[in-house]
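Me: Please take a close look at one helix in this model. Start with the chain as a whole, then work through that one part.

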Amino acid sequence: MTNHPLFNLENIYRAYKQCRRRKRNTYNAMIFEQNLEENLLDLHEDLNNRSYKPKPSLAFLVEKPKRREIFAADFRDRVVHHLLVNYMEPQWERRFIHDSYACRQGKGTHKAVERLRTFTRKVTNNRTRQAWYLQLDVRGFFITLNRQILFERLAKHETDSIVLWLIQIILFNEPTQNCRFREARRCDFERLPAHKTLFKTAPDCGLPIGNLTSQFLANVYLDALDQFVKHQLKARYYLRYCDDFILLSEDKQQLETWEVQISTFLHDNLHLQLNERRKLHPISDGIDFLGYIVRPDYLLVRRRVIGNLWEKLHHAEQVLYHNGLKTYEDGHLVYPYPWQLLTQIHQWINAYLNHFGKASTYQLIQSLRQRFYWLDEYFYWCQKIPLRKRRTGKSLLKRKVITKPRIFKVIFNYPIPRYARRLTQQINWFKARLRGHLVMIQVGNFWEMSFSSCHYRFHTRYLAEMKIVLWESGLSVAWIMETGRQLSGIMERALIYRWNAL
């Protein structure tokens, strides 16, 4: 059979590189990469011969923000998902409305929240008149989605029979058949409500949560709703993120009428039902949307988001205290530096600070530093530089600063020097940041003691005796240990422990 242009090796390799992004160290990605050329050629042959079949999925449960099931496709199948979405996405992007923000390039949660704030200011005429919002979502959307209706919608716009064959293979694949379970059993999935599990869904219904194709095809399926709301209901202020959508209006009765019409359209055309928990309130009450409380003049962070960060830091605090966080012993102030845990905390805080930075959260960040005071020992807080943008028009050389809320980030006080190419560079790097400390650096089976211009090396078997001597000397000592990983030909080293003389 002749090769299809979509299935050439260049496209497959590009899809593979996209698929491995930020997942290269996972088990499935490493197994696929061990025989990369052979696996890509086999996939190329299977697609062109139309013998491609998806492999069994991996099923597991997540607990937050709520209990739900996830079906993760095999790495080989995820490469095919990227290949198909790369082909279909440009065609459908021209059809999607502007105010659909889920899983689209240049969109996302922050863009959706900014757009909603713009809508609230316009509909309230900058808070000079009262307006209302109607917030709706689809009940069990991914579980009750009708795949036959979705395929018919795709077939109207796709004329290539080979592409339709691949869409049909992926769309009508049953992820529950022969699936592998991780840290759960089938009975755990069957305990979920019928509208939250694919094990209880109707025939030809449901898409697995966790696949790239599911996210893209969800936008295709609900595009019919978007077109109905914008072109038939003529709703000016309408915004959707996945199956959660909001309409704004000055007339409360208008919103109630729209709700009935939307419910009828979803039932008759898409075989979906609205969730009973709908919200119809004044905009002045604040709109709970995508982790924020949205108001025309400012944003607040949702309490559940703050609680999740507090819970993670509290658990990390217990681990650090168990390891002896900031203890006083014989005239020394002792700090452990478990670099793996601190790296995880560093990622948590910066992720949440990026979320906080879009809202009015300066006092929240200060209360965070007061409650978890030990963060200032391991990290220091800095404010991101405001963005700059060229002015349009004649004065292209002039720039203006875009005013935004304060966006903070945290940086390690003593991070790992990942770009040092030689041991002497690592030693000088740590000495520059640990001034006044006797720096002890592990080099294989030896320890090098470096203080000012003095250097001394001893074997690991003498480490216990040297610790006693250094402890009784009253000096401030920092211990730099090998982490077991290599970076560009040199061992990675990190600060794991230090004590300060009082």
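Reply: A residue counts as buried when its relative accessible area is under 20%, and as exposed when that area is over 50%. The model is predicted. By that cut-off, 47% of the 502 residues of the protein chain are buried.

First, the setting. The protein chain holds 17 helices and 21 strands. Its C-alpha atoms fill a box of roughly 80 × 65 × 60 Å along the principal axes. Take the contacts in the protein chain with a separation of 6 or more: 69% of them join residues 24 or more positions apart. The accessible surface of the chain is about 27,200 Å². Carbon and sulfur atoms contribute 49% of that surface. As for charge, the chain carries 79 positive and 48 negative side chains. The centres of these two sets are 9 Å apart.

Now the helix. Helix α17 spans residues 463-473. Which of its residues are buried? They are L463, M466, L470 and W471. Seen down the axis of α17, these buried residues fall within an arc of 135°, so they line one face of the helix. The arc is taken from the directions that run from the helix axis to the C-beta atoms.

Turn to the other side of α17. There, A464 and E472 are exposed. L463 is buried, whereas A464 is exposed. Likewise, W471 is buried, while E472 is exposed.

Last, the end of the helix. Just after α17 comes G474, with a positive phi of about 80°.

Key
Residues are numbered from 1 along each chain as its sequence is written. This is a predicted model: local features need pLDDT of at least 70, side-chain atom pairs count only at pLDDT 80 or more; totals for chains, interfaces and linings use all residues. Side-chain values use heavy atoms; hydrogens and water are left out. Helices (H or I, at least four residues) and strands (E, at least two) are DSSP runs, numbered from the N terminus. Buried means under 20% relative accessible area, exposed over 50%, partly exposed in between (1.4 Å probe, protein chains only). Contact means heavy atoms within 4.5 Å. Accessible areas come from the Shrake-Rupley method with a 1.4 Å probe; for residues, only the protein chains shown count as cover. Lys and Arg count as positive and Asp and Glu as negative; His and the chain ends are not counted. The place of a charge is taken as NZ of Lys, CZ of Arg, CG of Asp or CD of Glu.
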